[in-house]
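Let's take a walk through the open spaces in this protein. Keep the 3D view handy and click along as you read.

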Amino acid sequence: MTPQPTRRNERSRRAILAAALELLTETGYQALTVEAIAARAGVGKQTIYRWWRGKGAVILDALADAMPEVIALPDTGDLRADLRQVLRATVAEFADPRLSATTRAVTIETLADEDLAGQARDRLLRPQLNAVRVRLEAAREAGQVRPDAALDQVVELLFGALYHRWLLRNGPLTDDYADGIVDLVVAAVTPSTSTPRPASG
């Protein structure tokens, strides 16, 4: 069940979300309990269960609430440099043990909860991916990206490889790896500068 913000006491809601993030930092996701969140926030456990389905939904709501309202990528005019900065930041997040553990735990919960998966996609993932797409649109307008490039797929190519390596642990996540992804994608979407050969005969 999706939380109903209009039915909540806003002060209690914010206290719960703040408590959830504090405890997440202190104990990690696995040791975190709804009971501990309720005690830290000064509310009854049933108050949390009345508004959220479980700790996964609370954490997702807390993370989404902490995100900036507007996400914008740097635009230095150098698409390769700007994308490298973004992917390196993603690598740094995956390298943080607590952030990585939380992301893995929430990912596991979304596999069994379609509603939670939709919220994670729409509230956490999509705003960040859309920001990358907006940067690619600006690059296309500047003639740095092919007009026929499917930008949604370009975004998936950029982040899909990182996520695949992180999820399966099939290799190290490094800045060099992130830079390599950017180099491959930029090479694929850069307009050709070759001059067409004249027709023979």
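At least two residues each come from α1 (10–27) and α6 to line the second largest pocket. Helices like these are DSSP runs (H or I, at least four residues), numbered from the N terminus. A pocket is an open set of points on a 1 Å grid over the protein atoms alone, where a 1.4 Å probe fits, with protein on both sides within 12 Å along at least five of seven lines; lining residues have an atom within 4 Å of a point.

By the way, this is a predicted model, where local features need pLDDT of at least 70, side-chain atom pairs count only at pLDDT 80 or more, and totals for chains, interfaces and linings use all residues. Residues are numbered from 1 along each chain as its sequence is written, and side-chain values use heavy atoms, with hydrogens and water left out.

Back to that second largest pocket: α6 gives the largest share of its lining, four residues. The volume is about 150 Å³, counted as the space filled by probe spheres set on the points, which are joined across faces, edges and corners.

Now for the largest pocket, with about 1600 Å³ of space. It has 40 lining residues, and Glu93, Thr103, Leu124, Leu125 and Gln128 are the closest to its centre. Which element gives the most to this lining? That's α7, with 11 residues.
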